[in-house]
Amino acid sequence: MNFLAHIYLSGNDEFVKIGNFMADGIRGKQFEKYSPEIQKGILLHRAIDTYTDAHPIFRESTKRLHERYHHYAGVIVDIFYDHFLAKNWSNYSDENLEKYISRFYQSMHTHYNLLSERAQNILPYMEKQNWLLSYQSIDGIHEILSRMDRRTDNKSNMRFASEELQEYYEEFETEFSSFFEDIKSFCASKLNSL
């Protein structure tokens, strides 16, 4: 799962969303310096990643990409799944996607001082290029994967992965739909236990 799914799966608490959003940059027990709600978001993020990586449907999606992209296959599927969430947003939320994203950005600015340094650095680029909304289109996914590929000095070849997205579009979308029902249930339960 990538940014949009992590934010969505956090429920309605903006501090849980913030924690979930910035969790990748927080190592080990560093999360303990944050407020309980932000900690909850960080721990939820970690649980989502563990659950996702082990899920048979997610693994089925990554199998299609292993030969060409090796250990980047999971990263690519995370992005693909965010595409299907954005594309089918009205199936998962009554709120318009643009409004939802705008509220999230506003929350990030309101609580800017609570963000990790990494999250503070990402926010201007994320907002200016509107990453979360760009997930809706294949062109947007291609651009995101190309930017990620450049960060690996083009060694990951992720810039080509939109080819597989288009070739196996129906398969990926079907897998996403089934997987997302599972992870929504998992997160609802996890949020109650954290």
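**Close-up 1. Residue classes and elements around the largest pocket of the predicted model.** The lining of the largest pocket divides into 10 nonpolar, 5 polar and 7 charged residues in this predicted model. The volume of the largest pocket is about 630 Å³, and of the 22 residues that line this pocket, Asn-2, Phe-3, Asp-24, Val-75 and Met-148 are the closest to its centre. Two or more lining residues come from each of the elements α1 (3-8), α3 (36-54), α5 (73-87), α7 (117-128) and α9 (138-151).

**Close-up 2. The second largest pocket and its lining.** The second largest pocket holds about 260 Å³ of space, and 16 residues line this pocket, of which Tyr-8, Gly-11, Asn-12, Tyr-92 and Tyr-100 are the closest to its centre. The elements that give two or more residues to this lining are α6 (97-110) and α11 (169-193), and α11 gives the most, with 4 residues. Sorted by class, the lining of the second largest pocket has 7 nonpolar, 4 polar and 5 charged residues.

**Close-up 3. Asn-154 in the loop between α9 and α10 (162-167).** Although Asn-154 is not a glycine, this residue has a positive phi of about 60 degrees. Asn-154 counts as partly exposed because its relative accessibility is 36%, a value that falls between the limits of 20% for buried and 50% for exposed.

**Close-up 4. Asn-157 in the loop between α9 and α10.** Asn-157, which is not a glycine, has a positive phi of about 65 degrees. With a relative accessible area of 25%, Asn-157 is partly exposed, since buried would require a value under 20%.

Methods:
Residues are numbered from 1 along each chain as its sequence is written. This is a predicted model: local features need pLDDT of at least 70, side-chain atom pairs count only at pLDDT 80 or more; totals for chains, interfaces and linings use all residues. Side-chain values use heavy atoms; hydrogens and water are left out. On a 1 Å grid over the protein atoms alone, a cavity is a set of points where a 1.4 Å probe fits but cannot get out, and a pocket is an open set with protein on both sides within 12 Å along at least five of seven lines; lining residues have an atom within 4 Å of a point. Grid points are joined across faces, edges and corners, and a volume is the space filled by probe spheres set on the points. Ala, Val, Leu, Ile, Met, Phe, Trp, Tyr, Cys and Pro count as nonpolar, Asp, Glu, Lys and Arg as charged, and the others, Gly among them, as polar. Buried means under 20% relative accessible area, exposed over 50%, partly exposed in between (1.4 Å probe, protein chains only).
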